[in-house]
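Here is a short briefing on one protein chain. Look over the sequence and the structure before reading the points below.

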Amino acid sequence: PHTRECVKGHYSRVPARWETNPPTGLARLAYLGYSALVGTGYPLPKAVIVVADDDKAMCERIARLLREHGLTVISAPNAQGAIDAVRARPIDLVLMDVTMPGLSGVDACKVIKTITKDHFLPVILMTTPGDGGSRLQHARTVSDEIVAKPVPDSELVARLENMLRVKRAHDDVQFAKKEMH
């Protein structure tokens with residue numbers, strides 16, 4: 001790979017083919033892992049997404065879609081599995097169903113936000129038509145984004161892409177703050 005100076009003294013590795021045909025969307029975010037807003041130039045690992053849903057077929061379909069877009073996916077069969085994954089390794093985003101047996105997605109979101117209070121970890125909750133009223137309102141207050149199932153693939157990818165951009169920008173600002181001190 002070629003190297004390119006992004007900020008004076010900071011270099012980023014860029015594959016030669018990207019000089020003429022750069023990737024777009026999630027593939028670019030997953031590989032580059034740095035924000036052009038601050039341009040730290042430090043490449044981050046591929047984005048890691050936790051997908052938690054008690055509907056195994058839905059979980060597998062979403063995981064396959066995200067892997068096709070260059071993301072690393074950790075599948076969890078329930079909300080506790082998502083919490084365990086967040087505790088086990090650095091995660092870039094959690095995508096979780098609201099209604100699951102045992103611990104709900106809303107309650108798991110609260111736990112995840114408590115675990116990660118020192119850094120920003122976006123959580124997207126997936127709702128179904130039956131998740132109305134107070135449960136949906138409560139989900140809006142604890143999560144960073146809500147999507148209604150069944151969600152079209154293109155919409156899901158767009159929402160994840162936006163949340164990953166926000167996370168990368170947030171991480172870059174935090175990195176810049178640490179560098180200034």
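The accessible surface of this chain comes to about 9,600 Å², and carbon and sulfur atoms hold 55% of that area. The model is a predicted one. Of the chain's 181 residues, 44% count as buried.

**Overall layout**

- The chain contains six helices and seven strands.
- In sequence order, these elements follow the pattern β-β-α-β-α-β-α-β-α-β-α-β-α.
- Taking contacts between residues at least 6 apart in sequence, 60% join residues that are at least 24 apart.

**The nonpolar cores**

- The largest nonpolar core is made of 23 residues.
- Within this core, the residues with the most contacts are Val51, Ile62, Leu66, Leu93 and Leu95.
- At least two residues of the core come from each of these elements: strand 3 (48–52), helix 2 (56–68), strand 5 (93–97), strand 6 (123–127) and helix 6.
- Helix 2 gives the largest share of this core, with six residues.

**Surroundings of Leu93**

- Which residues does Leu93 contact, leaving aside its neighbours within four places in sequence?
- They are Val48, Ile49, Val50, Leu121, Pro122, Ile124, Leu160, Met163 and Leu164.
- Leu93 is also one of the residues with the most contacts inside the largest core.

**Helix 2 against helix 6**

- Two packed helices are described by the distance between their axes and the angle between those axes.
- For helix 2 and helix 6, the axes come within 11 Å and cross at roughly 65 degrees.
- The crossing of helix 2 past helix 6 is right-handed.
- On the helix 2 side, the contact is made by Arg61, Ile62, Leu65 and Leu66.
- On the helix 6 side, Asp153, Leu156, Val157 and Leu160 make the contact.
- How many of the residues in this contact are nonpolar, polar or charged?
- Six are nonpolar, none is polar and two are charged.
- Ile62 and Leu66 take part in this contact, and both are among the residues with the most contacts inside the largest core.
- Leu160 of helix 6 takes part in the contact with helix 2, and Leu160 is also in contact with Leu93.

**A cis peptide bond**

- The peptide bond from Lys149 to Pro150 is cis, and its omega is near -5 degrees.
- Where does Pro150 lie?
- Pro150 is in the loop between strand 7 (145–148) and helix 6 (153–180).

Terms used
Residues are numbered from 1 along each chain as its sequence is written. This is a predicted model: local features need pLDDT of at least 70, side-chain atom pairs count only at pLDDT 80 or more; totals for chains, interfaces and linings use all residues. Side-chain values use heavy atoms; hydrogens and water are left out. Helices (H or I, at least four residues) and strands (E, at least two) are DSSP runs, numbered from the N terminus. Buried means under 20% relative accessible area, exposed over 50%, partly exposed in between (1.4 Å probe, protein chains only). Contact means heavy atoms within 4.5 Å. Accessible areas come from the Shrake-Rupley method with a 1.4 Å probe; for residues, only the protein chains shown count as cover. A nonpolar core is a set of buried Ala, Val, Leu, Ile, Met, Phe, Trp, Tyr and Cys residues joined through side-chain atoms within 4.5 Å. Axes are lines fitted to C-alpha atoms, for helices over the stretch in contact, and angles run from 0 to 180 degrees between N-to-C directions. A crossing is left-handed if the near helix is turned anticlockwise from the far one by less than a right angle, and right-handed if clockwise. Ala, Val, Leu, Ile, Met, Phe, Trp, Tyr, Cys and Pro count as nonpolar, Asp, Glu, Lys and Arg as charged, and the others, Gly among them, as polar.
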